[in-house]
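I opened this notebook to record, entry by entry, what I looked up in the structure.

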Amino acid sequence: MKAGNLFDALPRDAAEEQVSTLLQEAGFVLERIVSTGQASPPGFWCDQERAEWVLLLRGSAGLEIEGETAPRTLRPGDWVHIPAHARHRVAWTDPSQPTVWLALHHA
């Protein structure tokens, strides 16, 4: 059995996002991601082999999806399902507080 709290040990000012695998089973990976003002590098787009369902738990972020005219602003409770190979990037995350994401990567 495993247990924990998603808000334990949140960094306040980290140079890079912190990604922690919470659970990994056949067919999926569940991660906690903590951003402290990070964004995708200019011109970089994620193009993942697996679909990703992401839930923003704390903080705020801008998520760009290729083909959409403006970034989506995500606030606590907002979620997005990103199909495999749908190009996307993080435009910004809140620099004043940790932004906590829950990401489920699945087939």
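**Entry 1, second largest pocket.** I began with the lining of the second largest pocket, which I found to consist of Lys2, Ala3, Gly4, Asn5, Leu6, Ser20, Thr21, Leu22 and Arg32. I note at once that the model is a predicted one, and I read every value below with that in mind. The space in this second largest pocket comes to about 190 Å³. When I asked which element gives the largest share of its lining, I found that β1 does, with 3 residues. Sorted by class, the lining of the second largest pocket divides into 3 nonpolar, 4 polar and 2 charged residues.

I then turned to the largest pocket, for which I noted a volume of about 350 Å³. Its lining is made up of 21 residues, and those that lie nearest the centre are Glu17, Ile33, Cys46, Glu52 and Val90. I looked up which elements give two or more residues to this lining, and they are β2, β3 (51–58), β7 (88–93) and β8. By class I recorded 12 nonpolar, 5 polar and 4 charged residues in the lining of the largest pocket.

Along its principal axes, the C-alpha trace spans about 45 × 35 × 25 Å. I also noted that 36% of the 107 residues of the chain count as buried.

I traced an open sheet of 5 strands in the order β1-β2-β8-β3-β6, and its pairing is antiparallel. The edges are held by β1 (18–25) and β6 (79–82), each of which has a single partner strand, so one side of each is left without a neighbour in the sheet. With direction ignored, neighbouring strands of this sheet are turned by 15 degrees against each other on average.

Going through the pairs, I found 7 bridges that join β1 to β2, the two strands running antiparallel. These two strands form a hairpin with 2 residues between them, and in the turn I noted glycine 27, which has a positive phi of about 95 degrees. The next pair, β2 (residues 28–35) and β8 (residues 99–106), also runs antiparallel and is joined by 8 bridges.

I then traced an open sheet of 3 strands, ordered β5-β4-β7 and paired in the antiparallel sense. Here β5 (72–74) and β7 stand at the edges with a single partner strand each, so one side of each is left without a neighbour in the sheet. From one strand to the next, the twist averages 30 degrees. I counted 3 bridges between strand β4 (residues 61–65) and β5, which pair in the antiparallel sense, and I noted that glycine 62 has threonine 73 as its bridge partner in β5.

I looked up glutamine 18, which is found in strand β1, and I recorded a relative accessible area of 34%, which makes it partly exposed. Glutamine 18 and valine 34 are 16 residues apart in sequence, and I noted a C-alpha to C-alpha distance of 5.1 Å in space.

For threonine 93 and arginine 72, which are 21 residues apart along the chain, I noted a separation of 12 Å between the C-alpha atoms.

How values were computed. Residues numbered from 1 in each chain as written. Predicted model: local features only at pLDDT ≥ 70, side-chain atom pairs only at ≥ 80, totals over all residues. Heavy atoms only, no water. Pairing = 2+ DSSP bridges. Helix = DSSP H or I, 4+ residues; strand = E, 2+ residues; numbered from the N terminus. Axes fitted to C-alpha atoms, helices over the stretch in contact; angles between N-to-C directions. 1 Å grid on protein atoms, 1.4 Å probe; cavity = no way out; pocket = protein on both sides within 12 Å on 5 of 7 lines; lining within 4 Å. Points joined across faces, edges and corners; volume = space filled by probe spheres on them. Nonpolar A, V, L, I, M, F, W, Y, C, P; charged D, E, K, R; others polar. Buried < 20%, exposed > 50% of the residue type's maximum accessible area, 1.4 Å probe, protein only.
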